[in-house]
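Open the model in a viewer and keep the selection panel at hand. The stops below are taken in turn.

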Amino acid sequence: MSIVVMVLAGVVLVRQATAGIIEAKKEASLNEAIGAYVFMQEELRQSQARAEAVHESLNRLADHADAQAAQYHVVIEGPGVNFVSSGIDSATVPDTLRQRVREGAGMFVTPTKVIGAKTSEPGIVIGTALIGSAGERYPVYYIFPLTTEVGTLRWLEGAVGVTGAVVVLALALISYLVTQQIVRPVRRASSTALKLASGQLGERMTVRGTDDLASLARSMNQMAGQLQQRIRELETLSTVQQRFVSDVSHELRTPMTTIKMASDLLYDAREDFDPLVARSAEIMNTEIDRFDTLLADLLEISRFDAGAAVLAPEETDLAVLVADEVEAHIPMAANMNTELVFRKGEGNTMAEVDPRRIRRIVRNLVTNAIEHGEGKPIVVTVAASETSVAVTVRDYGVGFAAEDAPRVFERFWRADPSRNRVVGGSGLGLAIAMEDARLHHGTLAAWSRPGRGAQFRLTLPRSTTRRLRGSPLPLIPVDSHTPGEA
């Protein structure tokens, strides 16, 4: 913008200077021409009074004009005379000016090119006519070169250009220095903010001076300090909570084991009790089993929260593992009048996984499908690609809303709180399954629509050292109806 302003200012200045110089030269030339014309007219009148021939008078005037060639040039036209000052060509006088002089009275001014033997330069030509005693007209032209003025204008253009360049460089330097004073603190603030966002809560900005940037630095440092304090408080609270859950779960294991043993004895001897007592023993045994499962899941969740969960990977055929789990759940599915279908795609399904954790994931997915499948078929599919293996569990039950898909993996979340659990569980199964999948650097995702069932997809890399790229199975199932329906 500074360069544009300087260029525009320079152009305007040069144009105004040019117009002023040319106008001043035109006025001076016109005054000079008027003086020369008055002198020549008087000489011509006196010559005619002495009865000299016209051509002799004009020649004498031409000789006198030639002596003034240092200031201007003259062209005289008359009978027997066609005088042109030395150093110029008669073509210097435009034809349009010649025509105007022949047709009208007065002085006519027009720009021209002063044509010399080897060069041409800008100039001004003033045309008029000498009047003889009998009223005859003899055209005369005064030609003023603009040599000095052109030199002045060129010097002025150079001076404006050099001055503009110096001013632009000075503005650029000033802009650079001012920008650096502003940009550097802003960049430091941006870098500090990025470090704070990445977890380096001890990062602080250097405060210098008392200007607005120093105020910004102090504000950021204050914000960082408050943020660090709050995060430490939250970390401490989270650690206390995790430790509390872990300690409570662990401490409950011993009395829980005792209660479980007593409950099993009562359950085994329920046939010797009254019907009411026998039913109470059955209910107590069922709820104690659920309580035991909840304690185990709480202990597992506490390990994930504490970062103590580790993998024990080994080369495993995922298809065989999933098929075993499906077969193990056939009796449970039969009790719910549900058909379990296992399908294996083409390709090698070997992968480096922790078999115990993968079995737990598949077990949770199949159990949930049986519970919510409404007695309709459940399809479990295993497929593989060059870099990954995947398992999908598809049911055709009640399903849930699409916006609830990310929430199904939250702890203790239920799509329908009023719905009683049929199979049972702690409400932590899918949350643990998600943590197990992340531990393998894999993904666990869900798709569902109300009344059209749901599909869960587990995708794992073939090796724990590889990154997961895509999945061999789609998350959204191809079918949207129960098999056999129209």
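**Stop 1: glutamate 149**

Select glutamate 149, which has a relative accessible area of 14% and is therefore buried. The model is a predicted one. Glutamate 149 belongs to helix H4. Neighbours within four places in sequence aside, its contacts are Ile21 and Lys25.

Lysine 25 is buried, as is glutamate 149.

**Stop 2: further along helix H4**

Stay on helix H4, which spans residues 147–197, and select valine 178. Its relative accessibility is 40%, so valine 178 counts as partly exposed.

Arginine 188 is partly exposed, at 39% relative accessible area. Together with Arg184, Arg187 and Arg208, Arg188 forms a surface patch of positive charge.

**Stop 3: salt bridges elsewhere**

The whole structure contains 15 salt bridges. Select arginine 357 and aspartate 354, whose side chains meet in one of them at 3.5 Å, N to O. Both residues of this pair, arginine 357 and aspartate 354, are buried.

Finish with arginine 359 and aspartate 324, a salt bridge at 3.9 Å, N to O. Arginine 359 lies in helix H9 (residues 355–372) and aspartate 324 in helix H7 (residues 318–328).

Definitions and conventions:
Residues numbered from 1 in each chain as written. Predicted model: local features only at pLDDT ≥ 70, side-chain atom pairs only at ≥ 80, totals over all residues. Heavy atoms only, no water. Helix = DSSP H or I, 4+ residues; strand = E, 2+ residues; numbered from the N terminus. Buried < 20%, exposed > 50% of the residue type's maximum accessible area, 1.4 Å probe, protein only. Patch = residues over 30% accessible without salt bridge, like charges linked within 9 Å, V, L, I, M, F, W, Y side chains within 5 Å. Areas by Shrake-Rupley, 256 points an atom, 1.4 Å probe, with all protein chains shown as cover. Salt bridge = Lys/Arg side-chain N within 4 Å of Asp/Glu carboxyl O. Lys, Arg positive; Asp, Glu negative; His and termini not counted. Charge placed at Lys NZ, Arg CZ, Asp CG, Glu CD. Contact = heavy atoms within 4.5 Å.
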